[in-house]
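Please consult the sequence and the model shown here.

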Amino acid sequence: LSDSVAYSAIIEKLSKVGQSWAEKKGEYLLRRMWKQYDKGFVQAKPTKFVYASLINLFAKSRYPEVSRKAIDLLNEQLQRYDETKDHGIRPNTIGFNAALSSFAKAARKDDVQKAEQLLEKMEDLYNKGFTDVKPDAFSLTNIISCWANSNVDGAAERAEEILQHMQSMYENGDESMRPTTVAFGAVLNAWAKAGNAERAQAIVDHMEQLQDTEGNEEMVTNTVIYNTLINSWAKSDSPDKVERAESILKTMLESYAKGRKESKPSRITYNSVLAAYQRSSLDDAYMKANDILIGMEASTDASVHPDVVTYSTFLNIIAKWDNPDKIDVAEQVLHRMKKKHKPNNFAYDAVLRACANTNNQDNQTKRKAL
């Protein structure tokens, strides 16, 4: 026979396996504990820590239907507590947060309501004096992520509202509510998903302000944050999308030059700027994009070398370029691409459009390109 400490250690190790059988094994152990307890072996009684480990095990699953089992386990734990009033089994913040994280990964329309209800349950228990069930920044960040991943109308607005509430509590002295990059990033993703680049920009501006004035080590405008913002501008209908994308890239380069490695531009960064050029109507879009491509090709950093997306995007820029020689240029770029990558359908389609849209009336040149 094993006691709850031994079972908890085993379940904790199962959570690190990353295999589907681990969830079944973990639940089997929980049922075995209750059976032993019902037979009189009181040391086998499941505790809040056992449930927290098992809930975390299910919440980590990459399959939404499996991860939602975490909610069932939390509800089971709550029911057992309501029946026995045994504080040893009452869910704590760790267990609630693990369950909330299962909502954050793949939110359905009804998930946001369930997640909010779970948060209300935490707040209710905390207000009744159970201090180990206090919602914290991780709790609210999971709720924010749930809204950000949902397709519910007003999701971005609600996500930002929760973030503002979190920051307000932190400013009023609640250290456990210190906003993090993850929380801001989730709201940023929500606005980017909603197609509102202006609000996305406001979120990053606020992050930079907090980072500079408060020295918050948990607040970092990193490469992922900047890439999301550039991509948001690139996909927008804003007439100054290119200027915005270029400005953000400049900020990243300057910050990286000052020693902030977390703001180093990546291949995705440059590809997103190229996407802004592609979707613009600027006369010099080709020249600007060409400078970026040449820089990527010449870089000693292999992590920013052009990939299939880079070349395909650049070929699409050439297709829109008002130049009689663009067929030759597209052919040259396609040849450079073939040296390191297998062109995809988007690349060939761009070359064909360059041929179709050229002002060069030389049919022999067109046939050669095709």
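Helix α7 passes helix α8 in a left-handed crossing, meaning that the near helix is turned anticlockwise from the far one by less than a right angle. Helices α7 (residues 111–127) and α8 (residues 137–149) pack at an angle of about 165°, with their axes 9 Å apart. Helix α7 is therefore roughly antiparallel to α8 (angles over 145 degrees count as such). Among the residues of α7 in contact (heavy atoms within 4.5 Å) with α8 are Asp111 and Leu119; the α8 side includes Ile143 and Trp147.

The model is predicted: local features need pLDDT of at least 70, side-chain atom pairs count only at pLDDT 80 or more, and totals for chains, interfaces and linings use all residues. Residues are numbered from 1 along each chain as its sequence is written, and side-chain values use heavy atoms, without hydrogens and water.

In helix α16, 10 of the 13 residues are buried (under 20% relative accessible area, 1.4 Å probe, protein chains only). These buried residues pack against α14 (267–278), α15 (285–298), α17 (326–338) and α18 (345–356).

Thr221, in the loop between α11 (197–214) and α12 (223–234), counts as buried because its relative accessibility is 1%. Leaving aside residues up to four places away in sequence, Thr221 touches residues including Val204, Arg260 and Ser263.

| Atoms or groups | Distance |
|---|---|
| Side-chain oxygen of Asp307 and backbone nitrogen of Val309, at the start of α16 | within 3.1 Å |

Methods. Buried < 20%, exposed > 50% of the residue type's maximum accessible area, 1.4 Å probe, protein only. Helix = DSSP H or I, 4+ residues; strand = E, 2+ residues; numbered from the N terminus. Polar contact = N/O pair within 3.5 Å; in protein donor to acceptor, adjacent residues only side chain to side chain. Axes fitted to C-alpha atoms, helices over the stretch in contact; angles between N-to-C directions. Parallel < 35°, antiparallel > 145°, perpendicular 65-115°, else oblique.
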